Amino acid sequence: MTQHDHNMTGARPAIRQLDEGAINRIAAGEVVERPASAVKELVENAIDAGARRIVVTIADGGKTLIRVGDDGCGIPAEELPLALARHATSKIDGSDLLNIHSFGFRGEALASMGAVGRLRIQSRPEGAEGSEIEVRGGLIGEIRPCSHYHGTTVELRDIFHATPARLKFLRSDRAETQAVTDSVKRLAMAAPFVTFVLRDATGGEPRETFRVDAETGDLFDALGARLGAVIGRDFRDNAIPIDAEREGIVMTGLAGLPTYSRGAAVSQFLFVNGRPVRDRMLTGALKAAYHDLLSRDRHPAAALFLDCEPAQVDVNVHPAKTEVRFREPGIARGLIVSGLRQALAEAGHRSATTVAGATLGAFRPEDGADVGGEARVYRMDRPGGRYGAWNGFGGYPAPASVEAARGFMAPDPGGAGFADGAALFEQAPAGRVEPEMPEAAGFEDAPLGAARAQLHENWIVAQTRDGIVIVDQHAAHERLVYERLKTRMRDNGVPGQALLIPEIVELTPSDRAMLLERAEDLAALGLVIEPFGGSAVAVRETPADLGEVDAGAMLRDVLDELSDAGDSGLVQARLDAILSRMACHGSVRSGRRMRAEEMNALLREMERTPHSGQCNHGRPTFVTLSLHDIERLFGRR
Ligand code: ADP
Ligand code: MG
């Protein structure tokens, strides 16, 4: 027992009311955690004030300066002290905390900022004079007149200077700047009709580091355009529009194609009733929606807006208001998972345009690395261009070396080195002419076209009305097998096929135990195993759809999956993951020659099968090159 526990009879300190300054400093920690959270609160205030234009300026990652200027409704001089008081707000009257339509409502952001830094508010409402007020060391100064345009500017300098412990927790200027930028971007996505400008004034002269101009048109178009402007054109081009509803919750936005996934969860933007949130339940649902379209280390990109009656969701979970609590979380989760899956399935065999772009880039000379310092532009009329100054994948030579290249490579008109073109053709052996494939007839209008050839025993080349499609036969087949297995599993279990002679697989005792423990689950997946003497198991049946497989290799893969997943995750997700591993074993490995009708059958099945645009690991199963692109490739456009 320590003295501490028994300190009841000694000099007990009396209970006292903390002063306002101390209360504010304690509470401030929850609202203003780092510069980015101050920026978020200030920008939210500006949006709440009806601003059309918001300019954010920071210096040193926001540590020395945060300034947010807006052209909103302003604050009348006599209300300035109230704006700084804790729990003073113009946004709610306190009677209904479940019916909130503004970003703010807790009335503590400005009070908190006054407690952690040097705060100054300058404001001028329409038709009034400008006035300002300052807070230093928690002390509120006088209201003074100032000149200011219509709107409000709030400036927070030297955040946490009064709490050095807190300062130490901040990260590098770069990391804090990044976090500020992220906050501004999220809010910019939530308010498409507002112009946002972010400036960095580190070291003096402010530099503009981010800007989006106010969108016009209806909300849907404006949001789409804004998402493109913030996340990038690429994202917009590689995402599918979402519009789903479930029991009073509406989900809109854009969901990235699986082939447009990212290595980290950096492109996930979720909004609830217009408020950017970072909520684990919601991001978990997003992940679940893509779980069998992406490998574990890839993350989907998405910007999703959930809207419902304010009473359906509590935003007052945490002072920073980035977590939410749905009254019925199951509905929100189900909406995200099934809404996205359905939309992705409908997008079917689409895969990212960036894939075709990257393919062309690899072909095209002008897209090579910029060696000469000047951007390379492929032009047919350029000196040397005609005769293939092109030097393989190194690309078109840098401008400085064009002349040299020409001297070196140009045909020698009088010499014997190069015959002229016509003669060359006469000497060329007649090209092998493939007979027209009869089965191909009528398939040209199908999305994946008519199969024309198989190259290197793996690449199917198909012809469409206005382009060509190249299919990775192995990846495509793997996906089809996986989707087929999944459908069977949902229907009534994957049928197994008995092996003529059971295959005996030696395992470590712990692997053996792990597999046998799951024997029943695996049997439902068409994989029937039994204990066999010592540390071995006998494989009696494998999934019929897979045909002949190497049972030992398959067991080892299943084991990998079981130990990777541990006991976490949904049963369904884990079964899917196991099926995905098994599918790899039954696939047409590259190296198998296919007949025309087999290739066409594969293409048609891809068109019918949801998610066939990417393999089980999120890589594309095919790329499309339009004739337009091909013509550009050859400089014809
Ligand atoms: P809350 O936003 O929760 O109401 P704040 O402490 O952030 O609390 O702001 C307090 C009050 O100050 C707001 O309710 C609003 O009336 C006023 N206010 C703050 N910022 C602005 C601004 N940029 N323009 C107009 N009024 C503002
Ligand atoms: Mg506020």
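Let's start with His 611, which sits in the loop between α19 (596–608) and β23 (622–626). Helices here are DSSP runs of H or I with at least four residues, strands are runs of E with at least two, and both are numbered from the N terminus. His 611 has a positive phi of about 65 degrees although it is not a glycine. Is His 611 buried or exposed? His 611 is buried, because its relative accessible area is 6%; buried means under 20%, exposed over 50%, and partly exposed in between, with a 1.4 Å probe and protein chains only.

A quick word on what we are looking at. This is a predicted model, where local features need pLDDT of at least 70, side-chain atom pairs count only at pLDDT 80 or more, and totals for chains, interfaces and linings use all residues. Residues are numbered from 1 along each chain as its sequence is written, chains are lettered from A and ligands numbered from 1 in the order in which they are written, and side-chain values use heavy atoms, with hydrogens and water left out.

So how confident is the predictor? pLDDT is its confidence in each residue, from 0 to 100. The protein has a mean pLDDT of 79, with 81% of residues at 70 or more. Please be careful with residues 364–436: pLDDT stays under 50 there, and the model has 57 contacts beyond four places in sequence for that stretch. A contact means heavy atoms within 4.5 Å.

Now the overall picture. There are 20 helices and 23 strands, and 48% of the 637 residues count as buried. Among contacts with a separation of 6 or more, 67% are between residues 24 or more positions apart.

Gly 204 belongs to the loop between β8 (195–200) and β9 (207–212), and at 43% relative accessibility it is partly exposed.

Asp 60 is in the loop between β1 (53–59) and β2 (65–70). Its phi is positive, near 50 degrees, in a residue other than glycine. Asp 60 is partly exposed, with a relative accessible area of 24%.

On to helix packing. Two packed helices are described by the angle between their axes and the distance between the axes. The axes are lines fitted to C-alpha atoms, for helices over the stretch in contact, and angles run from 0 to 180 degrees between N-to-C directions.

Helix α2 (residues 35–48) packs on helix α6 (residues 173–190) at about 25 degrees, with the axes 8 Å apart. That makes the two roughly parallel, since angles under 35 degrees count as roughly parallel, over 145 as roughly antiparallel, 65 to 115 as roughly perpendicular and the rest as oblique. Residues that meet here include Val 39 and Val 43 in α2, and Val 180 and Leu 187 in α6. The contact divides into nine nonpolar, one polar and three charged residues; Ala, Val, Leu, Ile, Met, Phe, Trp, Tyr, Cys and Pro count as nonpolar, Asp, Glu, Lys and Arg as charged, and the others, Gly among them, as polar.

And α6 has another partner. α6 and helix α7 (residues 219–231) pack at about 165 degrees, with their axes 9 Å apart, which means they are roughly antiparallel. Lys 185, Ala 188 and Met 189 in α6 meet Leu 223, Arg 226, Leu 227, Val 230 and Ile 231 in α7. By class, that contact has six nonpolar, no polar and two charged residues.

Methods
pLDDT is the predictor's confidence in each residue, from 0 to 100.
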